[in-house]
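Reader: I should like to go through this structure with you. Could we begin once it is in view?

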Amino acid sequence: MAVFLSSMAIMEGSDPKEKLQKRYLSGIKANFMVWPLVQGINFKFVPLDLRVLVVNTVSLGWNCFLSFLNQG
């Protein structure tokens, strides 16, 4: 999360420290709400050959969220 937000700030020409202070905590909270649940369900209920598909599908939504977080 820190690397993503910092690198995006640098590429956008803004201050990485400011972006981290504003958005890091909310991003980490969302991360810990989404991924442990997804992986728990994935390992418990999803067949082995479909696990990558599940993670990739959730990752699509997660990347959309990160774009929104970075933009806001």
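Predicted model: local features only at pLDDT ≥ 70, side-chain atom pairs only at ≥ 80, totals over all residues.

Reader: How many aromatic pairs does a search of the whole structure find?

Author: The search finds two. Rings of Phe, Tyr and Trp (its six-membered ring) pair if their centres lie within 6.5 Å; planes under 30 degrees apart count as stacked, over 60 as edge-to-face and the rest as tilted.

Reader: Why is the pair of Trp35 and Trp62 edge-to-face?

Author: The ring planes of Trp35 and Trp62 stand at 75°, with the centres 6.2 Å apart, so the pair is edge-to-face. Trp35 belongs to helix H2 and Trp62 to helix H3, so the pair ties together parts that are 27 residues apart in sequence. Helices here are DSSP runs (H or I, at least four residues), numbered from the N terminus.

Reader: And which pair is tilted?

Author: Trp62 and Phe65 form the tilted pair, at 5.2 Å centre to centre and 35° between the planes. Both residues lie in helix H3, three residues apart, about one turn of the helix. An α-helix has 3.6 residues a turn, so residues three or four places apart point the same way. Trp35, Trp62 and Phe65 form one aromatic cluster.

Reader: Is Trp62 buried or exposed?

Author: Trp62 is buried, at 11% relative accessibility; buried means under 20% relative accessible area, exposed over 50%, and partly exposed in between (1.4 Å probe, protein chains only). Trp35 is also buried, at 15%, whereas Phe65 is partly exposed, at 28%.

Reader: What covers the buried residues of H3?

Author: The cover includes helix H1 (2-12) and helix H2 (16-45). The buried residues of H3 are Trp62, Leu66, Leu69 and Asn70.

Reader: What span should helix H3 have?

Author: Its 21 residues (51-71) should span 30 Å at 1.5 Å a residue, and the end C-alpha atoms are 30 Å apart, which agrees. The expected span is 1.5 Å times one less than the number of residues.

Reader: Changing topic, what does Leu20 touch?

Author: Leu20, a residue of helix H2, touches Ala2, Leu5 and Ser6, not counting residues up to four places away in sequence. Contact means heavy atoms within 4.5 Å. Leu20 is partly exposed, with a relative accessible area of 25%.

Definitions and conventions
Residues numbered from 1 in each chain as written. Heavy atoms only, no water. Helix = DSSP H or I, 4+ residues; strand = E, 2+ residues; numbered from the N terminus.
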